[in-house]
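I opened the notebook to record what I looked up in this structure. Entries follow in the order I made them.

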Amino acid sequence: MLTCCVCRGDKIHWDRVTLTAYHIAGHTPGSIVLLYDDPQGPPHLFTGDCLFPGGVGNTFKDPAAFARLLHGVETKTFDRLPDTTVIYPGHGRDSTVGAERPHLQEWRERGW
């Protein structure tokens, strides 16, 4: 398990790759996403179960957890990253920030 110190934009270095970790609570209290800011292409965001094509991860019908998760995804993904950012969820198909951004209000209204 990663501790909170790996949740505030800390860098994880592996060979020639650097990943930046961001804490996004909601699906689980300790959820993080990992960003690879590719110097030769678009950014790549590994979202685990925080963000999928079509919505955020399962919050088990808990409105407070949904609000936390959506807020984290909006502020740490959609507010910071360009539309070209490739999203790799924990399972399912890949997407981009640009493909998902237009649906934020829809997700907010449906509550999942």
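Entry 1: I started with F78 and W107, and both are buried. This is a predicted model. The two rings form an edge-to-face pair, 6.1 Å centre to centre with 70° between the planes. I then placed the partners. F78 lies in helix 1 and W107 in helix 3, so the pair ties together parts that are 29 residues apart in sequence.

**Entry 2: other aromatic pairs.** How many aromatic pairs does a search of the whole structure find? I got two. Besides F78 with W107, the search gave F46 with Y88, a stacked pair. Its centres are 5.0 Å apart, and the planes make an angle of 20°. F46 sits in strand 4 and Y88 in strand 7, so this contact links parts 42 residues apart in sequence. F46 is partly exposed at 38% relative accessibility. Y88 is partly exposed as well, at 23%.

**Entry 3: helix 1.** I went back to helix 1, which spans residues 63-78. Which of its residues are buried? I listed A65, F66, L69, L70, G72, V73, E74, T77 and F78. Next I asked what the buried residues of helix 1 pack against. The partners are strand 4 (44-48), strand 5 (51-52), strand 6 (55-56), helix 2 and helix 3. I also looked at the start of helix 1. There a side-chain oxygen of D62 comes to within 3.0 Å of the backbone nitrogen of A64.

**Entry 4: salt bridges.** I searched the whole structure and found three.

- R108 and E74 meet through their side chains at 2.2 Å, N to O. R108 belongs to helix 3 (residues 104-110) and E74 to helix 1, so the bridge joins parts 34 residues apart in sequence. E74 is buried, with a relative accessible area of 17%. R108 is partly exposed at 35%.
- D83 pairs with R101, and their closest N and O atoms are 2.7 Å apart. D83 is in the loop between helix 1 and strand 7 (86-89), and R101 is in the loop between helix 2 (97-100) and helix 3, so the bridge ties together parts 18 residues apart in sequence. D83 is partly exposed, at 43% relative accessible area. R101 is also partly exposed, at 29%.
- R110 pairs with E106, the closest N and O atoms being 3.3 Å apart. Both residues lie in helix 3, four residues apart, about one turn of the helix. In general, an α-helix has 3.6 residues a turn, so residues three or four places apart point the same way. R110 is partly exposed at 28% relative accessibility, and E106 is partly exposed at 40%.

**Entry 5: helix 1 against helix 3.** The bridge from R108 to E74 connects helix 3 and helix 1.

**Entry 6: backbone check.** I looked for positive phi outside glycine. D15 has a phi of about 55° and is not a glycine. D15 lies in the loop between strand 1 (8-14) and strand 2 (17-23). Is D15 buried or exposed? At 71% relative accessibility, D15 is exposed. K61 has a positive phi too, about 60°, and is not a glycine. The loop between strand 6 and helix 1 holds K61. K61 is exposed, at 82% relative accessibility.

**Entry 7: the whole chain.** I closed with the totals. The protein chain has three helices and eight strands. Along the sequence the pattern reads β-β-β-β-β-β-α-β-β-α-α. The radius of gyration is 13 Å, close to the 13 Å that the globule rule gives for 112 residues, so the chain is as compact as a globular protein of that length. Along the principal axes, the C-alpha atoms fill a box of roughly 40 × 30 × 25 Å. Buried residues make up 41% of the 112 residues. Of the contacts with a separation of 6 or more, 44% come from residues 24 or more positions apart. The accessible surface is about 6,600 Å², and carbon and sulfur atoms account for 57% of that surface.

How values were computed:
Residues are numbered from 1 along each chain as its sequence is written. This is a predicted model: local features need pLDDT of at least 70, side-chain atom pairs count only at pLDDT 80 or more; totals for chains, interfaces and linings use all residues. Side-chain values use heavy atoms; hydrogens and water are left out. A salt bridge is a side-chain nitrogen of Lys or Arg within 4 Å of a carboxyl oxygen of Asp or Glu. Helices (H or I, at least four residues) and strands (E, at least two) are DSSP runs, numbered from the N terminus. Buried means under 20% relative accessible area, exposed over 50%, partly exposed in between (1.4 Å probe, protein chains only). Contact means heavy atoms within 4.5 Å. A polar contact is a pair of N or O atoms within 3.5 Å; within protein, one must be able to donate a hydrogen and the other to accept it, and residues adjacent in sequence count only if both atoms are side-chain atoms. Rings of Phe, Tyr and Trp (its six-membered ring) pair if their centres lie within 6.5 Å; planes under 30 degrees apart count as stacked, over 60 as edge-to-face and the rest as tilted. The radius of gyration is taken over C-alpha atoms; the globule rule is 2.2 Å times the number of residues to the power 0.38. Accessible areas come from the Shrake-Rupley method with a 1.4 Å probe; for residues, only the protein chains shown count as cover.
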